[in-house]
Amino acid sequence: MFCFQCEQTAHGVGCVDLGVCGKTPDTSAAQDLITFELMKLAVAAEGRPPTAELALTFMEALFTTVTNVSFDADACAGLAQTIAERRLAWTHGQDVVLEAVAEPGALFESATTEGSCRALLVLGLRGMAAYAYHAHVLGHHDPRVDAWLVGGMAQASRSHSVPEWLELLHDFGMVNFACLELLDHANTSCFGDPEPTEVSMRVQPGPFIVVSGHDLHDLSMLLEQCENSGVDVYTHGEMLPAHGYPALRRYSCLKGHFGTAWQNQRKEFSELPGAVLFTTNCLMPPLSGYQDHVFTTAMVAHPGVSHIDADPDGHKDFSRVITRAKELGGWAEPHNFTGINGGSTLTTGFAHHAVLSVADTVVGAIESGQVNHIYLVGGCDGALHGRNYFTQLVESTPADSLVLTLACGKFRFNDLDLGTVGGLPRLLDMGQCNDAYSAVTVAQALAKALGVGINDLPLTIVLSWYEQKAVCVLLSLLALGVKNIRLGPTLPAFVSPGVLEVLASDFGLAPTSTVQNDLVSQ
Ligand code: SF4
């Protein structure tokens, strides 16, 4: 196997014997085959707009290959076979020869500019597919996104000059921003605009379910089925921002939040007397002590873990999860959980609508000098050393600055009390990783109100990355012309020195350095 798609890849180069994430060589080979067959299907499908069904195939298959989604080699091999059969039916049994990818094992090579650009595009498409899928289950689609999921894979199977690759990556970044907007619209039109909400980390006595991942539709169906069942629901990881949505928080069974970021799950779930549902990525192979507490749904899968499928109408019956929670019974007394800095409550819900509803206050605070700087510290958390940088950075931000955050990297600091500035809480949690859309929307609105460009704002962007959604978000920020982003804690293995040079010279992209250096260098 060779996989280098995430930040924790072995030795910063690539996983070759076994994934650091736990992905086996069989699963890795099957996921390479999925990608290879998708490229062939994409080439076969070129020249006509994709049907909804074809776009869904690309969403599901690309999403399956995102880090920490599927550990099920048989399911992945079956999916690759289905894609191949579909293509053969279209081409009347003829094979499709890809221009630049000879076989599944030759998909990625990091050393060359071509290999690096192909990796950026394919990995970005994997991330976008996850966002498109979340919008899809809520009934929202964008034909531009659907067309790019297919056409982008066809383009990734070819050779291009460097300027052509840069144009492709720019166009992809723009369409991914449209996808982020689509998902924002899907979430807010179904569940309302998030409102600032304080969330407790105390687990009440009695049976409960912990829900992880990003899929608000799954959470909504689960809450509907848990209401008045005697089983409470707690969010985990990237599901925390769900508490801000009016149509989700109205459920009395949605009690609070359990746990910190995904990489701590094996420790935090080991003594958990509750059921756990994984709706999207961030599953770690469960330890035997709690494996029978765990359920997966959608593309998330692990051998030996119960899976909840949707019926043909998209409805999911979570009664097995609810029954398991009742069997486990929960804690007898209230269980006080704390964040990594000892805080017991978290605040979320500062998406674009909430922040822009007080835009005059923010602009006034900037103009009067009460707020001197804004830090956007967002992205994924991860297990490798060096991530306490993000805690130290936020702790060190000056008292006259705002800190915007999103995604699960915030669990490094979101239980800190940073106080207020200019009548606003200093720490504003904008939501999940896809809520990078909110951050850009707010930055664009502030720039407009202040009569400056987005790069002239007193804004420092520090991104922590782990998996492929961070890749597509980064490509969107670059496509929108956002410059001088700091990226850490390490640079992606799939970015070659040549591509890095372009990103540094054209966009000012730089690795994170020291807290003191990054606080002052804007
Ligand atoms: Fe390694 Fe990351 Fe690939 Fe897992 S997803 S095999 S940890 S590079």
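In this predicted model, V462 stands opposite R486 in β17. Strands β16 and β17 pair in the parallel sense, over three bridges.

- Strand β16 spans residues 459-464 and is mostly covered, with five of its six residues buried.
- β11 (residues 373-379) is joined to β16 by six bridges, and the two strands run parallel.
- Within that pairing, L376 has I461 of β16 as its bridge partner.
- β17 covers residues 486-488 and pairs with β18 in the parallel sense, over two bridges.
- Helix α15 (residues 468-479) lies between β16 and β17 in a β-α-β unit, and that unit is right-handed.

**The six-stranded sheet**

- What is the strand order of the open sheet of six strands? The order is β15-β12-β11-β16-β17-β18, and the pairing is parallel.
- β15 (427-429) and β18 (510-511) are the edge strands, each pairing on one side only.

- All five residues of β3 (residues 208-212) are buried, so the strand is largely enclosed by the rest of the structure.
- F208, V210 and S212 point one way from β3. I209 and V211 point the other way. Residues on both sides are buried.
- In a regular strand, side chains alternate between the two faces of the sheet.
- β3 and β4 (residues 232-235) run parallel and are joined by four bridges.
- V210 has Y234 as its bridge partner in β4.
- From β3 the chain passes through helix α7 (residues 216-226) to β4, and this β-α-β crossover is right-handed.
- β3 is also joined to β6 (residues 275-278) by four bridges, again with the strands running parallel.
- In β6, L277 stands opposite V211.

**A buried arginine without a salt bridge**

- R126 sits in helix α4 (residues 113-137).
- Is R126 buried or exposed? R126 is buried, yet it has no salt bridge.
- The nearest side chain of opposite charge is D32, at 5.0 Å. A salt bridge needs a side-chain nitrogen within 4 Å of a carboxyl oxygen.
- Beyond its neighbours within four places in sequence, R126 is in contact with Q5, T35, L62, T65, V66, F108 and Q468.

**Cysteines**

- How many disulfides does a search of the whole structure find? The search finds zero.
- The cut-off for a disulfide is two cysteine sulfur atoms within 2.5 Å.
- C76 is buried, at a relative accessible area of 1%.
- C117 is also too far from a partner for a bond, because the closest cysteine sulfur, in C472, is 17 Å from its own sulfur.
- C117 counts as buried too, at 2% relative accessibility.

How values were computed
Residues are numbered from 1 along each chain as its sequence is written. This is a predicted model: local features need pLDDT of at least 70, side-chain atom pairs count only at pLDDT 80 or more; totals for chains, interfaces and linings use all residues. Side-chain values use heavy atoms; hydrogens and water are left out. Buried means under 20% relative accessible area, exposed over 50%, partly exposed in between (1.4 Å probe, protein chains only). Lys and Arg count as positive and Asp and Glu as negative; His and the chain ends are not counted. Contact means heavy atoms within 4.5 Å. Two strands pair if DSSP finds at least two bridges between them. A crossover is right-handed if, with the strands pointing away from the viewer, the path from the first strand over the helix to the second runs clockwise.
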